[in-house]
Amino acid sequence: KGLETLPVRVRAQCATAAQVAEALTKLKGVTRVIYPGRADHPQAALAQAQMPGGGQMIAFEVEGGKAAAFRALNALSLIRISNNLGDAKSLVTHPATTTHFKLTPAQRGELGITDGMIRLSIGLEARDDLVDDLKMALDAAYRYTDMAKSTDPLAKRQRQKPADLHAYEAITRGIRIRVEPRYMDDQSSPDDSHFVWSYAVELSNDGTETVHLKTRTWRIPDEL
């Protein structure tokens, strides 16, 4: 049954890939998009002659090399990190440190594989969901770069907040759960050379009993 629906799935994936490739050209930090279905691809004419679409695979490069690429990959929520491709789920990997890590830097350079390159295999998720995930991840990846351009201490602190640190509150079975980001002013440096963020998990029962659990602390930029 999987083979019976393969053509339908692949057509949908290729259509989404073309839209995602176009959207990537407008996202922060992206310096190059490589997709056979785009007119700027060096073999676009050959691809059009051989295939009805541009395929499911997209490669794109980000400014800042491996460090920026890794920050973007780690900030993704919907798209999964994996060396595989062609799955029904969208997958992403960093070729220079995975599929092509045995090659020398010079050999990777001859193939056009840079430290800032990311390979994306498009799945069956909605186009808008994929673009939103990529946008949020890239915005998070360059939050640290933006911080360096600001002279406002408060703006610096907000931009230095880790991408996965969000306030969250819910009530389940009478227990109130709140996750709260906290800027650790007493542990951060006065000269703004590093920032310390943590978050606390607060559990309370009808407001009568509260337990605070500090679960993680970020020291930035030491952890980059």
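**Sheet, helices and core of a predicted model**

Colleague: Which strands does H1 lie across?

Modeller: H1 lies across S1, S2 and S5, and runs at about 10 degrees to S2. Contact means heavy atoms within 4.5 Å; axes are lines fitted to C-alpha atoms, for helices over the stretch in contact, with angles from 0 to 180 degrees between N-to-C directions. Helices (H or I, at least four residues) and strands (E, at least two) are DSSP runs numbered from the N terminus.

Colleague: And H3?

Modeller: H3 packs on the sheet, where it touches S2, S3, S4 and S5, and its direction makes about 125 degrees with that of S2. This is a predicted model, in which local features need pLDDT of at least 70 and side-chain atom pairs count only at pLDDT 80 or more, while totals for chains, interfaces and linings use all residues. Residues are numbered from 1 along each chain as its sequence is written, and side-chain values use heavy atoms, leaving out hydrogens and water.

Colleague: What's the strand order in the sheet?

Modeller: S1-S2-S5-S4-S3, an open sheet of five strands with mixed pairing. Two strands pair if DSSP finds at least two bridges between them. S1 and S3 are the edge strands, each pairing on one side only.

Colleague: How many bridges join S2 to S5?

Modeller: Five, and the two strands run antiparallel. Met57 has Ser121 in S5 as its bridge partner.

Colleague: Back to H3. Which of its residues are buried?

Modeller: Ala68, Ala69, Ala72, Leu73 and Ala75. Buried is under 20% relative accessible area, exposed over 50%, partly exposed in between (1.4 Å probe, protein chains only). Besides the strands S2, S3, S4 and S5, the buried residues of H3 pack against helix H5 (127–141).

Colleague: How many residues are in the largest nonpolar core?

Modeller: It has 31 residues, and Val20, Leu24, Ile58, Phe60, Val62, Leu120 and Leu134 have the most contacts inside it. Such a core is a set of buried Ala, Val, Leu, Ile, Met, Phe, Trp, Tyr and Cys residues joined through side-chain atoms within 4.5 Å.

Colleague: Which elements give two or more residues to this core?

Modeller: H1, S1, S2, H3, S5 and H5. H5 gives the most, with seven residues.

Colleague: What does Phe60 touch?

Modeller: Not counting residues up to four places away in sequence, Phe60 touches Leu24, Val30, Arg32, Val33, Gly116, Met117, Ile118, Leu120 and Leu134.
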